[in-house]
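Hi everyone, thanks for making time for this.

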Amino acid sequence: MKTPLIAAGFALVAHMATAETLTVYAPDYFASEWGPGPAIKTAFEAECSCELEFVTGDVLPRILLEGARSDADVAIGLSQDEMARAAASGLFAAHGQDVSTLTMPVSWEDDTFLPFDWSHLAFIYDQRTETPPTSFEALLAMPDETRIVIQDPRASAAGLALVMWVEELYGDKAGGAWARLAPKILTVTKGWSEAYGMFTEGEADMVLSYTTSPAYHIMAEGDESKKAAIFEEGNYLYVELAAQLAGTDQPDLAQRFMDFILSDGFQTAIPEGNWSFPAKLDAEKLPETFRTLPVPDKALYVDAKTAEAMRDEAIETWRQGLSQ
Amino acid sequence: MAAGSQPVTRSLAALAAALVLAVTLGTLAAVAWRAEGFAGVGPAARDALWFTLWQAVVSASLSVVLAVPVARALARRRFRGRGAVITLMGAPFILPTIVAVLGLVAVFGRSGVVNVALRALGLPEVSPYGPQGVILAHVFFNLPLAVRLVLQGWLSIPAERFRLAASLGMEAGAVQRALEWPMLRSVLPGAWLLIFALCLTSFAVALALGGGPGATTVELAIYQAFRFDYDLGAASVLGLVQFALAGVAAALAWGLARPAVFAGGLGGVVRRWDGGGWLRLQDATVIALAALFLLAPLLAVGLRGITGLAEMPATVWWAALRSLLVALASAALCLALALPMALAARRGLWVQLVGVLPIAASPLVIGTGLFILSYRWVRPDEIALAVTALVNAVLALPFALAALVPATREMRAGSGRLADSLGMSGWPRMRLVTLPALRRPIGFALGLAAALSMGDLGVIALFADGDTATLPLQLYRLMASYRIDQAAGAALLLLALSLGLFWGFDRGGRANAGA
């Protein structure tokens, strides 16, 4: 009885010893059992006859600490605000993909950082808000009793993207915009989870999240009450990126994974795994809910270099404006 | 010579102190070394410093002042369920911040129970957001700790003393002056210091209830330096600032504390003869109010989690088992560090300093420093659980010391002299004198260390390993993937396990003491 088991064990160990391993650094939510990671791992391993290993944690800080000796072959889940710093490190190599046919609302030009999914930022509301705002101006004009929770731009990528959103719309007058928003800000949280929890538990009327957030409630909970406020002038675009490491010891495998990112095997895991839009997937391959999800006609976006250059000042404007 | 200064104990204590220094100052040095020096910090960080300081002073002072009547009431009353109240009141201290914030909001929030009641009565609402919210949250977290430490002090006054006071016909006021005030003078500065240091490094809670960017602590600036600026130099400076603040506070507390020793008790049940009549009513009111304040948010967490408990996938239960094992290892390690330190401790400032460093240390600096020190030799994810257990043991050390140091002092003054005269030393002395005398604080220390380790997440962001997630990590993952009901279930499980560990050890420590 035991022999087959032992043999199987040996076979397994032998397989592990010979199969090449691709190490992908990913944020925790990406690789967790509720994220897109497991499906992507299965799909990639089926076609590469290799092993894909996710190493989770703070992706960019860790790679910057490790420098050229990092074990990472590919980094996934970088946020757009990290792009300029990641590029400046010189640790990343070109993705080698054709990015002219992406299904994104803006054209993408960078040849190192490859978008794999996107959403618009949006304020999410529910049936308690009778007249949802249809523009940022309307949001600022909402009654001061409205309770909105946002994330801190010094600790959260979404919070920082909101600051860029206001800079893009209001420029020199951003401070005034924050001051008008201030009475409606219930509080500012460290991360998305605390803020979203406060909204779903009924404490806040609105929360800064993504246009794709309602998809979760519709598909997983059958709850259609939670909606994203779509703005006439457009909502700010939020993009997640992947890049391969220049110093990888598996250049072929890393390149194969970069090729795989824009393929259907990867992209179909995104909608219900990461609750966002795939960067390259034909609309008919999207789940029904995603196809009919309300999205703004336009996307606002500040490119990575500009955003990095104005970051400190924009955060200071935010801090001053909200502190009034 | 007393057992406390045996060479073996002293070397073990020095080793433990060295480990604490390595994990706290050593990791900071590693970050500064990697940054190739310190870097300047901006005006926002200076504003943060001011806010950090004043909220920590107010939160710590309020927690300690409120703890005195609560601990006194618990010390002089016996009632059914007293043990359960004491255990449950310890729970806020061990909650993960995100759970505590949602629990507090459910009670004190704009849509919370309190405001719903106020509205129904036609009274103006209260807002938990702003400086008052930060202080509310910090008192919620730390009042239980203060109560436990002060209560520990009360229980250290031997039953014989109260009997003597009663036979001398002393009223409550006289008992206060003769017995209780000296005890408080010895216990309160230390308790204040611990809570001050805890509030110093608070970040997510302070922000969530602070209501805006004004509620920024130094720890947030450190997070920003790591996460957005990758400015290790600035992070090092800010980490050093936290240590300096805690160092000044430690010196202050050390200067104010006057150790009180009530030698010569037999460890019997304390019966009190003072405080009848209206004092009974006062005590009952104080206990009821404290229990309501501390337990209502917990009840909210518990009720919210019941439905989610059944829906949790198996991986959450596995994570719970893993967390349990880490907590047990961490508690054992913590005791192994704390016991020799407590036995070797005289009334030195260094005990106070080493005892507060781990709390004043930024979890981010510790995590990053350990990463810098280790990643060249080992894969961080392979040592994730071991690092978690080690760091948690060091982080829990101050609390263990706070419980053990006063008790060893008393032991030395009491049974220690007899043991000296009998020439007892080594293991027989440990088994026959030391461990029985320290049973209660050891149980408390083990319970606290285990419970704290259950809830911790802060340090391991760089070491996290997807396959060996702990329960708090699974909880955050559930939250991050919109599964709030299941996350609430995980929170309830975490709360129950932490309380179970705390109760089990604490109970074990008190088993023979008749309390």
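**A walk through chains A and B**

Let's begin with Ser49(A), which sits in the loop of chain A between helix H3 (37-48) and strand E2 (51-56). Before going on, a word on conventions: this is a predicted model, where local features need pLDDT of at least 70, side-chain atom pairs count only at pLDDT 80 or more, and totals for chains, interfaces and linings use all residues. Residues are numbered from 1 along each chain as its sequence is written, chains are lettered from A and ligands numbered from 1 in the order in which they are written, and side-chain values use heavy atoms, with hydrogens and water left out. Helices (H or I, at least four residues) and strands (E, at least two) are DSSP runs, numbered from the N terminus.

Back to the serine. Most residues other than glycine have a negative phi. Ser49(A) is not a glycine, yet its phi is positive, at about 45 degrees. Is Ser49(A) buried or exposed? With a relative accessibility of 65%, Ser49(A) counts as exposed; the cut-offs are under 20% relative accessible area for buried, over 50% for exposed, and partly exposed in between, using a 1.4 Å probe and protein chains only.

Trp275(A) also has a positive phi without being a glycine, near 45 degrees. You will find Trp275(A) in the loop that joins helix H13 (270-274) to strand E11 (277-278) of chain A. The tryptophan counts as buried, at 7% relative accessibility.

Staying in chain A, take a look at helix H4, residues 59-66. Eight of its eight residues are buried, so H4(A) is largely enclosed by the rest of the structure. The buried set includes Arg62(A) and Glu66(A), along with Val59(A) and Leu60(A). After H4(A) comes Gly67(A), with a positive phi near 65 degrees.

Next, an arginine. Arg128(A) is placed in the loop between strand E5 (114-125) and helix H6 (136-140) of chain A, and it is partly exposed, at 34% relative accessible area. Which residues does Arg128(A) contact, leaving aside neighbours within four places in sequence? They are Phe199(A), Gly202(A), Ala204(A) and Asp205(A), where contact means heavy atoms within 4.5 Å. A polar atom of the Arg128(A) side chain lies 3.0 Å from the backbone oxygen of Gly202(A), and one lies 2.8 Å from the backbone oxygen of Ala204(A).

Now over to chain B, and another arginine. Arg77(B) is in the loop between helix H2 (43-76) and helix H3 (82-89) of chain B, and at 11% relative accessibility it counts as buried. Its side chain makes a polar contact with the side chain of Asp283(B), at 2.8 Å. A polar contact here is a pair of N or O atoms within 3.5 Å; within protein, one must be able to donate a hydrogen and the other to accept it, and residues adjacent in sequence count only if both atoms are side-chain atoms.

Thr216(B) is in the loop between helix H9 (204-210) and H10 of chain B. This threonine is buried, at 6% relative accessible area, and its side chain reaches the backbone oxygen of Pro213(B) at 2.4 Å. Leaving aside neighbours within four places in sequence, Thr216(B) contacts Arg154(A) as well as Ala48(B), Phe51(B) and Thr52(B).

Helix H10 of chain B, residues 218-229, is mostly covered, with eleven of its twelve residues buried. Following H10(B) is Tyr230(B), whose phi is positive, near 45 degrees.

Last topic: helix packing. The axes of H16 (residues 384-421) and H17 (residues 426-455) of chain B come within 9 Å and cross at roughly 165 degrees. That makes H16(B) roughly antiparallel to H17(B); angles under 35 degrees count as roughly parallel, over 145 as roughly antiparallel, 65 to 115 as roughly perpendicular and the rest as oblique. By class, their contact has 18 nonpolar, six polar and two charged residues.

H3(B) and H6(B) (residues 131-156) pack at about 135 degrees, with axes 9 Å apart, and are therefore oblique to each other. Here Arg82(B), Ile86(B) and Met89(B) of H3(B) meet residues of H6(B) including Pro144(B) and Arg148(B).

Technical notes. Axes are lines fitted to C-alpha atoms, for helices over the stretch in contact, and angles run from 0 to 180 degrees between N-to-C directions. Ala, Val, Leu, Ile, Met, Phe, Trp, Tyr, Cys and Pro count as nonpolar, Asp, Glu, Lys and Arg as charged, and the others, Gly among them, as polar.
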